[in-house]
Amino acid sequence: MSNNNLIKGSLQTIILKLLEENEKMYGYEITQRVKELTAGEIKITEGALYPALHKLEAEGLLSTEIQQVDNRVRKYYSLTKDGQKQVTSKMSELQGFVENLQRILTPDLKPGFNI
Amino acid sequence: MRTLTEKELDQIKKAIAYKEITSAEILMEIFDHYLSHLQSYEVQDFEEQLYELEQQFTYSYCHALQAKFLKASKKEIFHLQWNLFKTYFTWPRMLGTILFLCAYIFFWGTIEAKTKGSILVIPLVIVLCLSGWIWIKSYKKVREIKRIVDAQKRIESSYLSTIMVQFSLMTSSFNLLILVPKILDVPNFLDSVFFLVASFSLFILYTGYTLTLFEAWRLKTKSALI
C-alpha cells in the first residue's frame, strides 16, 4: 500500500505517541514497531523518519542518549518534558483531522461520532 | 536475530564508506540501522536486504540528511544558548550583573586604552580554551565511532562543527574591530569612542557566549558526540 504521502503529515505525532508508550526507542525500532502495529500496512521510510527525529530533537521535544550495544553505538530517543506536553495536543489535533476527514469521505455519518 | 559474520560486517562497512559521510552522528545512526536490519534476516537473504538498504540510504540521501542534521544542530545549540541566556538573568543574578557592570565601567575609565584591548583578549582566550577542551572531548568520542565503523575519511560531530563556526565568528569580530584598525594605523583609534563602545560590547558578548556555551555543552555532552 503506497501511503507515504498520507503519513508524512502525521509522522511527528506517530513518533511522539510511540515514545510516550515506550520509554526510549532507536530509529530502526520505531520503523519496526509501526510495521508491527499496522500488520505491515504502514511502513515508515528511513527517508522520512530520520529527518523527523532530528527535527524533533532540535525543537527540544526529544532528548537523545548514546549507548554501546554489541559491536556498535546506538542512539536512543526519548520524550523531553516539552515533548510529553506536545503529545496530547498533537494527538487531539490529528484525531480532529481524522474525524473531519471521515465526515468528508462519509457525509452520512452523524457529527460527534467516535472513531 | 543472528550475529553477522566478519565478512558481512566488512561488506556493510564498505557500503557505508562509499557514501563519504563526515558527520559522526549520521554515520553512527546509519551503521546501527544497517546492522539492526540485517541481523533480523538469514544469511541467504543478506545480499538482497543489503541491496534494499542501499536503495534507501543512497549517497544523495545521506548527504542531504547530513546537511539537514547540521542545520538542525546549529538551531538546537543556538536555542539552547539563547534559552540559557534568558533564564540566567533571575533577579539576584541581574542585580549581580548590574553591580559587576558598574564596577567594570568605573574600572574601564581608569585604565589606559591599550590595556583595554589586552583585557578583551582574556574572555577570548577563555573561549579558545573551552572550545579546545570541547574539541578534545569530542575527538575522543568520535574516535570510538571511527574505530567501530572503520571510517577512512575524517569524521567529526556536527555539533562540534557548529561550535567551531561560532568560535570563528568570535575571533573574526575581534580581528575586525580591534586588529584591523590597528594594522591600518587608524589615527587615535584607541582613544576613540568607537573603540570604547566596541571593546566593551565585545567583552560582554564574549563573556555571555562563554557562559552559555559551557552550559549548553554540559547539557549536550551526555547525549551528543561533544
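At roughly what angle do the axes of helix 6 of chain B and helix 7 of chain B cross, and within what distance do they come? The points below take up that question and then the rest of this predicted model.

1. The axes of helix 6 of chain B and helix 7 of chain B, the latter covering residues 158–183, cross at roughly 165 degrees and come within 11 Å. Because angles over 145 degrees count as roughly antiparallel, helix 6 of chain B is roughly antiparallel to helix 7 of chain B. The crossing of these two helices of chain B is left-handed.

2. On the side of helix 6 of chain B, the contact with helix 7 of chain B is made by Gly117(B), Leu120(B), Leu124(B), Val127(B), Ser131(B), Ile134(B), Trp135(B) and Ser138(B). Helix 7 of chain B answers with Leu160(B), Ile163(B), Met164(B), Phe167(B), Met170(B), Phe174(B) and Ile178(B). By class, this contact of helix 6 of chain B with helix 7 of chain B has twelve nonpolar and three polar residues, and no charged ones.

3. Helix 6 of chain B (residues 113–149) also packs with helix 8 of chain B (residues 193–220), here at an angle of about 20 degrees and with the axes 10 Å apart. Since angles under 35 degrees count as roughly parallel, helix 6 of chain B is roughly parallel to helix 8 of chain B. The crossing of helix 6 of chain B and helix 8 of chain B is, again, left-handed.

4. Which residues of helix 6 of chain B meet helix 8 of chain B? They are Ala113(B), Lys116(B), Gly117(B), Leu120(B), Pro123(B), Leu124(B), Ile126(B), Val127(B), Leu130(B) and Ile134(B). The residues that they meet in helix 8 of chain B include Phe195(B), Leu202(B), Phe203(B), Tyr206(B), Tyr209(B), Leu213(B), Phe214(B) and Trp217(B). By class, the contact of helix 6 of chain B with helix 8 of chain B has 16 nonpolar, four polar and one charged residues. Gly117(B), Leu120(B), Leu124(B), Val127(B) and Ile134(B) are among the residues of helix 6 that take part both in this contact and in the contact with helix 7 of chain B.

5. For the chain as a whole, chain B has eight helices and zero strands, so that its elements, read from the N terminus on, run α-α-α-α-α-α-α-α. The C-alpha trace of chain B spans about 80 × 45 × 25 Å along its principal axes, and the radius of gyration of chain B is 24 Å, whereas a compact globule of 226 residues would have one near 17 Å. Buried residues make up 28% of the 226 residues in chain B. Among contacts in chain B between residues at least 6 apart in sequence, 82% join residues at least 24 apart.

6. Where chain B touches chain A, 22 residues of chain B are in contact with 22 residues of chain A. Helix 2 (24–39), helix 4 (59–88) and helix 6 of chain B each supply at least two residues of this side of chain B, and helix 4 of chain B gives the most, with nine residues. By class, the side of chain B that touches chain A has ten nonpolar, seven polar and five charged residues.

7. The loop between helix 1 (6–17) and helix 2 of chain B holds Ile21(B), and Glu20(B) lies in that loop as well. Ile21(B) counts as buried because it has 25 C-beta neighbours inside 10 Å, whereas Glu20(B), with 14 other C-beta atoms within 10 Å, is partly exposed. Leaving aside its neighbours within four places in sequence, Ile21(B) is in contact with Ile26(B), Leu27(B), Ile30(B), Cys62(B) and Gln66(B). Phi of Glu20(B) is near 50 degrees, which is a positive value in a residue other than glycine.

8. In chain A, Ala39(A) likewise has a positive phi, near 50 degrees, in a residue other than glycine. Ala39(A) is placed in the loop between helix 3 (27–37) and helix 4 (46–58) of chain A, and it counts as exposed because it has 7 C-beta neighbours inside 10 Å.

9. Thr5(B) is found in the segment before helix 1 of chain B and is exposed, with 11 other C-beta atoms within 10 Å. The C-alpha atoms of Thr5(B) and Gln39(B) are separated by 10.0 Å, although these residues are 34 residues apart along the chain.

Terms used
Residues are numbered from 1 along each chain as its sequence is written. Chains are lettered from A and ligands numbered from 1 in the order in which they are written. This is a predicted model: local features need pLDDT of at least 70, side-chain atom pairs count only at pLDDT 80 or more; totals for chains, interfaces and linings use all residues. Axes are lines fitted to C-alpha atoms, for helices over the stretch in contact, and angles run from 0 to 180 degrees between N-to-C directions. Helices (H or I, at least four residues) and strands (E, at least two) are DSSP runs, numbered from the N terminus. Angles under 35 degrees count as roughly parallel, over 145 as roughly antiparallel, 65 to 115 as roughly perpendicular and the rest as oblique. A crossing is left-handed if the near helix is turned anticlockwise from the far one by less than a right angle, and right-handed if clockwise. Two residues are in contact if their C-beta atoms, placed from the backbone, lie within 7 Å. Ala, Val, Leu, Ile, Met, Phe, Trp, Tyr, Cys and Pro count as nonpolar, Asp, Glu, Lys and Arg as charged, and the others, Gly among them, as polar. The radius of gyration is taken over C-alpha atoms; the globule rule is 2.2 Å times the number of residues to the power 0.38. A residue is buried if 20 or more other C-beta atoms lie within 10 Å of its own, exposed if 12 or fewer, and partly exposed in between; C-beta atoms are placed from the backbone.
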